[in-house]
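Hello,

Here is the structure I said I would pass on. My notes follow below it.

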Amino acid sequence: MTSGQVDPAVRDHPPGKTFFERYFELLDGSDPHSSLDLVAEDLEFSIQWAADGSRKSSQFVGGRDELRGFIDAGDTGGWAHYVLHSGVSGGVEFALGETRWDSGERIGTFLAVAELDESGRMRRYMVARSPVLAFPSGQ
């Protein structure tokens, strides 16, 4: 694929869905690794993750291989990501959302940002998650 071309896996998505809606739908689906179809080969990421209300948090960083490892290590059953608000500025997309149990109960709130490359794949990714603070969902 030449520079500037958009890969069909990235381009051919349901109308009206944001990048993060598509990404998290794949990540939460039956094949979480399919989310990597939306990730550039030269990805750089930082995931800031707080498990509880303490001051402790963990940071996971790396590239595409480390993101694959993070997916492998995750327990993805019984919950999913929900994008509540999103926006785009140039090639950068933002999403405020929640992780929720299948029952609908909120687990945590996340704020994600991604820089997309010229083909629409995630090149840089930063996300923070905390169970402490909730935002109105507008729903």
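**Surface and overall make-up**

The chain has an accessible surface of about 8000 Å², and 53% of that belongs to carbon and sulfur atoms; the areas come from the Shrake-Rupley method with a 1.4 Å probe, and for residues only the protein chains shown count as cover. This is a predicted model, in which local features need pLDDT of at least 70 and side-chain atom pairs count only at pLDDT 80 or more, while totals for chains, interfaces and linings use all residues. Residues are numbered from 1 along each chain as its sequence is written, and side-chain values use heavy atoms, with hydrogens and water left out.

The chain has three helices and six strands, in the order α-α-β-β-α-β-β-β-β along the sequence. Helices (H or I, at least four residues) and strands (E, at least two) are DSSP runs, numbered from the N terminus. Of the 139 residues, 36% are buried, meaning under 20% relative accessible area with a 1.4 Å probe, protein chains only.

**Strand pairing**

Strands count as paired if DSSP finds at least two bridges between them. Strand 1 (residues 39-49) runs parallel to strand 6 (residues 122-130), with seven bridges, and W49 is opposite R129 of strand 6. Strand 1 also pairs with strand 2 (residues 58-62), antiparallel and over five bridges; there F45 is opposite G62.

**T99**

T99 is part of strand 4 (residues 92-101). T99 counts as buried because its relative accessibility is 5%. Beyond its neighbours within four places in sequence, T99 has contacts (heavy atoms within 4.5 Å) that include W79, H81, F110 and R129.

Regards

How values were computed: Buried < 20%, exposed > 50% of the residue type's maximum accessible area, 1.4 Å probe, protein only.
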